[in-house]
Amino acid sequence: MKVLISGGLGFIGNVLSKEFIENGWEVVIIDNETTYNTYEPTMHQLKIEQRKIGLGEAKHYHTNIFNINEVRTIIRDENPNVVVNLANMPIAGVAVEQPILASDTMIRGLIGLLDASKDTVSRFVNVSSSMVYGDFLTDPVLEDQVCNPQEIYGNLKVAGERIVRTYTKLHGLEHTIVRPSACYGPSGNEAFVITKFLREAMKDGSININGVGTKLDFTFVTDIAHGIYLASTELNAANETFNITCGNKRGLTEVADILQGWYPNLTVNITDPNALYPKRGQLSIKKANKLLGYNSLVQLEEGLKIFHDFLKN
């Protein structure tokens, strides 16, 4: 069996690629190793080299996801059974700052990948985001909540989901949509909240918490990658949408308390919530558990320790 992963050298993509390899799949990666005009180039290249460790068996095409003709040629020549789309903007803020690049990657690139997949691929897996919900209206939030995103990233993700459902139905192709939340772990984006908090704690710096009651469903990267693997391979995943998260909301103040236990000189500043940011919390993973057998294995305390030791060493 063969899988093609767009964004396969990304934060989640490299972990997912390794899980496929460990389970005997051939892995093909499309990834242009972009900095999104945001990452510091030296640090970004270091992360890429770290992510490539263990991917020696994978075939890598260094191309842009919206180079549609090249993507079509790759899929025709490689003939994968499954395509997983992880080509994306790294965080919501980058989509706000660079909406044209975000649209090219998240919509134009997605359509090109779908079009190239329609004749030979069995299942198309699209990795979306919990940002599609906007404000969480229930606790926990279920997959059938009406999506009402408040910013451009979430709106592009909703549009992508609708395109995937429409296109795959039109062409008789299975799809699965995955909605992760607040991913963190080794080689994570420097702008992620957990990464920023850990970096500041390790230098006895200061962190800002926007809203004392802010809680997120923090999910360790290996859990998200495993959920995507199940969504790609399980028969029950066909034409379904899944929350793939830890399934447990934790406050930013809880994260700060853990870090202050390790680094007592860390300063914590509480500020007002960001009015443009949706009210979030816990996502239900009951559907993923029932249909995929998915469970989160890494809770916040363990995940923070693993990530901390990675950064320290």
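A residue counts as buried when its relative accessible area is under 20%. By this criterion Cys-183, at 14% relative accessibility, is buried in the predicted model. The residue is located in strand β7, where its contacts, leaving aside residues up to four places away in sequence, are Phe-11, Ile-12, Phe-192, Thr-219, Val-221 and Ile-224.

The protein chain as a whole comprises 11 helices and 13 strands. Its radius of gyration of 19 Å is close to the 20 Å given by the globule rule for 313 residues, so the chain is as compact as a globular protein of that length. The C-alpha trace extends over about 55 × 40 × 40 Å along its principal axes. Of the 313 residues, 53% count as buried. The accessible surface amounts to about 13,700 Å², and carbon and sulfur atoms contribute 51% of this area. Among contacts between residues at least 6 apart in sequence, 82% connect residues at least 24 apart. The chain carries 29 positive and 35 negative charges, whose mean positions are separated by 3 Å.

Six aromatic pairs are present in the structure. In one of them, Phe-20 and Trp-25 adopt an edge-to-face arrangement, with a distance of 5.0 Å centre to centre and an angle of 70° between the planes. Both Phe-20 and Trp-25 are buried. Ring pairs also bring Tyr-229 into a cluster with Phe-20 and Trp-25. A further pair is formed by Tyr-184 and Phe-220, whose ring centres are 5.4 Å apart; the planes meet at 75°, so this pair is likewise edge-to-face, since an angle over 60 degrees is required for that class. Tyr-184 belongs to strand β7 (residues 183–184) and Phe-220 to strand β10 (residues 219–220), so the pair ties together parts that are 36 residues apart in sequence. Tyr-184 and Phe-220 are both buried.

The loop between β5 (123–127) and α6 (152–171) contains Gln-145. With a relative accessible area of 11%, Gln-145 is buried. Residues up to four places away in sequence being excluded, Gln-145 touches Tyr-133, Asp-135, Phe-136, Leu-137 and Thr-138. Pro-140 is situated in the loop between β5 and α6 as well. The peptide bond joining Asp-139 and Pro-140 is cis, with an omega of about 5°.

Most peptide bonds are trans, and most residues other than glycine have a negative phi. Glu-33 lies in the loop between β2 (26–30) and α2 (41–52), and its relative accessibility of 15% places it in the buried class. Asn-239, also not a glycine, has a positive phi of about 60°. This residue is found in the loop between α8 (221–233) and β11 (240–244). Whereas Glu-33 is buried, Asn-239 is partly exposed, with a relative accessible area of 45%.

Terms used
Residues are numbered from 1 along each chain as its sequence is written. This is a predicted model: local features need pLDDT of at least 70, side-chain atom pairs count only at pLDDT 80 or more; totals for chains, interfaces and linings use all residues. Side-chain values use heavy atoms; hydrogens and water are left out. Helices (H or I, at least four residues) and strands (E, at least two) are DSSP runs, numbered from the N terminus. The radius of gyration is taken over C-alpha atoms; the globule rule is 2.2 Å times the number of residues to the power 0.38. Buried means under 20% relative accessible area, exposed over 50%, partly exposed in between (1.4 Å probe, protein chains only). Contact means heavy atoms within 4.5 Å. Accessible areas come from the Shrake-Rupley method with a 1.4 Å probe; for residues, only the protein chains shown count as cover. Lys and Arg count as positive and Asp and Glu as negative; His and the chain ends are not counted. The place of a charge is taken as NZ of Lys, CZ of Arg, CG of Asp or CD of Glu. Rings of Phe, Tyr and Trp (its six-membered ring) pair if their centres lie within 6.5 Å; planes under 30 degrees apart count as stacked, over 60 as edge-to-face and the rest as tilted.
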